[in-house]
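Thanks for coming. I will show one structure and then go through a few of its features.

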Amino acid sequence: MKSLKTLTAAAALSVLPFAAFAQDAAPGFDEIGPYIMTTLLFCMAGFLVFFMAAGFAMLEGGLVRSKNVTMQMTKNIALFSIAAIMYWLVGFNLMYPGDFNGYVGGFFNITVLDPVGVAAADAALDYASVGSDFFFQLVFVAATASIVSGALAERIKLWPFLVFTVILTGFMYPISGSWKWGGGWLDAAGFQDFAGSTVVHSVGGWAALAGAIVLGPRLGKYKDGRVNPMPGSNLALATLGTFILWLGWFGFNGGSQLAMGTVGDVSDVSRIFANTNMAAAAGAVTALILTQVLYQKPDLTMVLNGALAGLVSITAEPLAPSLFGALWIGAIGGIIVVLTVPMLDKLKIDDVVGAIPVHLFAGIWGTIAVIFYNGDATIAGQLTGIVAYGVFTFVASLIVWFILKATMGIRVSEEDEINGLDMSELGMEAYPEFTNG
């Protein structure tokens, strides 16, 4: 009888060729590492950008009056949820239709994830998992809709706004986004926008501007040739929202490197983080100083929006500039906000949270500023992209807003606006103890 040790040795020898073959067949980290690291980048950056939804909610909740806070919270959680569903149904594959170089990709091509436990041989090892890519791109479209929410606060009905969100997130944003990020005609024309100063922020700003024009200003905002301030309910909440947005922007810009598989990629992500932070800081400090000079007292709301404008300004090219370059680009963003907020008031365009100066005007500036550091960018190419996105988004938004106004009505009654949208639209208050004892 053979011993157990002998049998074990024989068995090991018998499977050795198969084990060696399996070892040779298994891909090494050099092959699968970029896929793993880039997928990880998308997941981490994606949940940072997702947290920006909380930032928008807190910023808007702090800058509206207390009688409208619940409405803003409802709009923000609803718009993110709608964006998630619409981007799955149509948006993702409309924006990234594969072999594409036109104006509109394919419609109703529902996103399908990688199979459970996908093998390396069946995965896109030169990029990342479908799930991580889809999630990372999804959180961008939700940010676009949040821009519109803040600008139109305190007088818009809930359901017409959500219908507009369906159209914006499912169709308008993906169609225009495909022009650059889907390999479309603007990409072929040399238009440069690293993380979305125009593709995301200006698009949200143009949609908000169209909505503000059609909707009209809040009651009493402009009366007898004067601008009547309507202070927000909670500047501490607005400040918290700004810091959350600042944090989320590291994912917004850093994840847009779209790769983390090499030393160079990881170093570039860290460079993007540093430049993003510098631009925000410069925008905030510039707004702080400028409001002191112009109004003899610093304006916290302007400082908050100055930081956000600095972030929007650097988003089109957060990689190439030096830290000093990020500083002056962000500083000009802060100047833009301080000067354009009162300009809109002179035009009687009521933007409750300053979304249009921050996202549209600073977004245009950031897109132009790309020419100073990106050798592939030209002023003609950048202006072509700015105009294309502006015309398409503004005109399409105007059409949708006018249709909604004619069919559903987009504005609450004067009585409901005076009483607050929390009670008139939702029947619940954010701070019931303030009124009910």
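Let me begin with a question: is Lys 180 buried or exposed? Lys 180 is buried, because its relative accessible area is 10% and the cut-off for buried is under 20%. Keep in mind that this is a predicted model.

The side chain of Lys 180 meets that of Asp 187 in a salt bridge, at 2.9 Å from N to O. Asp 187 is partly exposed, with 35% relative accessibility. In general, side chains of opposite charge can pair when their charged atoms come close.

The structure has 5 salt bridges. Another of them pairs Glu 154 with Arg 65, at 3.2 Å from N to O. Glu 154 sits in the loop between α4 and α5, and Arg 65 in the loop between α2 and α3, so the pair links parts of the chain 89 residues apart. Glu 154 is buried, at 1% relative accessible area, while Arg 65 is partly exposed at 21%.

Next, Arg 218 and Asp 350 form a salt bridge, with the closest N and O atoms 2.7 Å apart. These two are 132 residues apart in the chain, and both are buried. Through shared partners, salt bridges join Arg 65, Glu 154, Arg 218 and Asp 350 into one network.

Now the helices. The axes of α3 and α5 come within 8 Å and cross at roughly 35°. The crossing is right-handed. Their contact has 18 nonpolar, 7 polar and 1 charged residues.

Last, Asn 109, in the loop between α3 and α4. Beyond its sequence neighbours within four places, Asn 109 is in contact with Leu 89 and Asn 93.

How values were computed
Residues numbered from 1 in each chain as written. Predicted model: local features only at pLDDT ≥ 70, side-chain atom pairs only at ≥ 80, totals over all residues. Heavy atoms only, no water. Axes fitted to C-alpha atoms, helices over the stretch in contact; angles between N-to-C directions. Helix = DSSP H or I, 4+ residues; strand = E, 2+ residues; numbered from the N terminus. Left-handed = near helix turned anticlockwise from the far one by under 90°. Nonpolar A, V, L, I, M, F, W, Y, C, P; charged D, E, K, R; others polar. Contact = heavy atoms within 4.5 Å. Salt bridge = Lys/Arg side-chain N within 4 Å of Asp/Glu carboxyl O. Buried < 20%, exposed > 50% of the residue type's maximum accessible area, 1.4 Å probe, protein only.
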